[in-house]
Amino acid sequence: MLENALSARNLSVRLKVTVLSLVSAGLIVLAVALPQLVHLVAGASGGIRWLPMYLPVLLAGCLLGVRMGLMVGVASPLVSFLITSLLGNAMPAAVRLPYMIAELAVYAAVSGLFTRSIAENRMAAFPAVLLASVAGRSLFMLASVAFMAVSPLTPSVVWAQIQEGFTGLIAQAVLAPVIIMAVGKLLEKK
């Protein structure tokens, strides 16, 4: 969606890459900072309940497309883990990190598939977010089944986390499309 808007303005390739890179970096920063804020306000279980890192990744997929969205989806948990590990409280936890990278990659890729549709009709952001959420959470569950012999994240633990995260999923199902539509409206202006 953002790339389409930049192309419509006949910007140079260098300027487009710069803008897309800056937006990607900003979304990664938001994906690192938002969980910290949620944990501060809602406590340790706030991350599992509200899934704050997922919102910037959904925005990245819908606004930037599959490739840049994937980069944001993979980089966000890695950057967060590296920074918070240095501070003594790794988020996400090391055991959850590979699952979260895979899950957020799916969120970004699936929502990114809708970028052109969203550019044509911003209401397409709603199915993009819903399908990305279902696909990402499904992958999380399937990965727990595949690796249950070597991971403490068993299917029952993952299912409990998925159930607790329904609040965040519902909030994102409304909030992400509204943000995407607002950005689309801003991009329409000359």
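Let's start at one ring. Arg 96 sits over the face of Phe 140, 3.9 Å from the ring centre. The criterion for a charge over a ring: NZ of Lys or CZ of Arg within 6 Å of the ring centre and within 35 degrees of the ring normal.

Some ground rules. This is a predicted model, where local features need pLDDT of at least 70, side-chain atom pairs count only at pLDDT 80 or more, and totals for chains, interfaces and linings use all residues. Residues are numbered from 1 along each chain as its sequence is written, and side-chain values use heavy atoms, with hydrogens and water left out.

Back to Phe 140. What does its ring pair with? Tyr 99: the centres are 6.0 Å apart and the planes are at 65 degrees, so the pair is edge-to-face. For the cut-offs, rings of Phe, Tyr and Trp (its six-membered ring) pair if their centres lie within 6.5 Å; planes under 30 degrees apart are stacked, over 60 edge-to-face, the rest tilted. Tyr 99 is in helix H6 and Phe 140 in helix H8 (residues 125-146), so this pair ties together parts 41 residues apart in sequence. Helices here are DSSP runs (H or I, at least four residues), strands likewise (E, at least two), numbered from the N terminus. Tyr 99 and Phe 140 are both buried. Buried means under 20% relative accessible area, exposed over 50%, partly exposed in between (1.4 Å probe, protein chains only).

The structure holds 2 aromatic pairs. Here is the other: Tyr 54 and Tyr 107, edge-to-face, 5.0 Å centre to centre, 75 degrees between the planes. Tyr 54 lies in helix H4 (residues 54-64) and Tyr 107 in helix H6 (residues 97-112), so the pair links parts 53 residues apart in sequence. Tyr 54 and Tyr 107 are buried too.

Next, Met 141, also in helix H8. Leaving out residues up to four places away in sequence, Met 141 touches Pro 155, Val 158, Trp 159 and Ile 162. Contact means heavy atoms within 4.5 Å.

Now helix H2 (residues 13-42), which holds Ser 24. Is Ser 24 buried or exposed? Buried, with a relative accessible area of 1%. Beyond its neighbours within four places in sequence, Ser 24 contacts Leu 64, Met 68, Met 71 and Val 72.

Finally, the whole chain. The protein has 10 helices and 0 strands. Of its 190 residues, 44% count as buried. Among contacts with a separation of 6 or more, 70% join residues 24 or more positions apart. The C-alpha atoms fill a box of roughly 50 × 35 × 30 Å along the principal axes.
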